[in-house]
Amino acid sequence: MPKEVQKVTKRETKKRGKKDPNAPKRGLSAYMFFSQDKRAQVKEENPEASFGTLGKLLGEKWKAMSDEEKKPYIDKAEADKKRYEDEKAALN
């Protein structure tokens, strides 16, 4: 059965406005920093794995990690969040 398609009216489009192309990129989560760091290693260990399978494997590794092991990635995420907030404040 096909998914329902929501129609967007002209009024809604105008209301939302367009995204500012100069707006800063949002901060990455701790998991995303972990994923960027470990994706090549997991791909090397599982060369036949598809994109989705790699995501599942990375998710399992992330869940299995202790808080102490996650700390470097959490620190990076906090620093990136601060960078985003600073850049966002500089625009206003």
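In this predicted model, the largest pocket is lined by Lys19, Asp20, Pro21, Ala23, Pro24, Lys25, Arg26, Tyr84, Lys88, Leu91 and Asn92. The volume of this largest pocket is about 170 Å³. Its lining comprises 5 nonpolar, 1 polar and 5 charged residues. Tyr84, Lys88 and Leu91, which are among the lining residues, fall within helix α4, residues 67-91.

Helix α4 also packs against helix α2, which spans residues 30-45. The angle between these two helices is about 120 degrees, and their axes lie 7 Å apart. On the α2 side, the contact involves Ala30, Phe33, Phe34, Asp37 and Lys38. On the α4 side, Tyr73, Ile74, Lys76, Ala77 and Asp80 take part. By class, this contact of α2 with α4 holds 6 nonpolar and 4 charged residues, with no polar ones.

A further packing partner of α2 is helix α3, residues 51-64. Here the angle is about 120 degrees, with the axes 9 Å apart. The crossing of α2 and α3 is right-handed. From α2, the residues in contact are Ala30, Tyr31, Phe34, Ser35, Lys38, Arg39, Val42, Lys43 and Glu45. They meet Phe51, Leu54, Gly55, Leu57, Leu58, Gly59, Lys61 and Trp62 of α3. The contact of α2 with α3 divides into 9 nonpolar, 3 polar and 5 charged residues.

Definitions and conventions:
Residues are numbered from 1 along each chain as its sequence is written. This is a predicted model: local features need pLDDT of at least 70, side-chain atom pairs count only at pLDDT 80 or more; totals for chains, interfaces and linings use all residues. Side-chain values use heavy atoms; hydrogens and water are left out. On a 1 Å grid over the protein atoms alone, a cavity is a set of points where a 1.4 Å probe fits but cannot get out, and a pocket is an open set with protein on both sides within 12 Å along at least five of seven lines; lining residues have an atom within 4 Å of a point. Grid points are joined across faces, edges and corners, and a volume is the space filled by probe spheres set on the points. Ala, Val, Leu, Ile, Met, Phe, Trp, Tyr, Cys and Pro count as nonpolar, Asp, Glu, Lys and Arg as charged, and the others, Gly among them, as polar. Axes are lines fitted to C-alpha atoms, for helices over the stretch in contact, and angles run from 0 to 180 degrees between N-to-C directions. Helices (H or I, at least four residues) and strands (E, at least two) are DSSP runs, numbered from the N terminus. Contact means heavy atoms within 4.5 Å. A crossing is left-handed if the near helix is turned anticlockwise from the far one by less than a right angle, and right-handed if clockwise.
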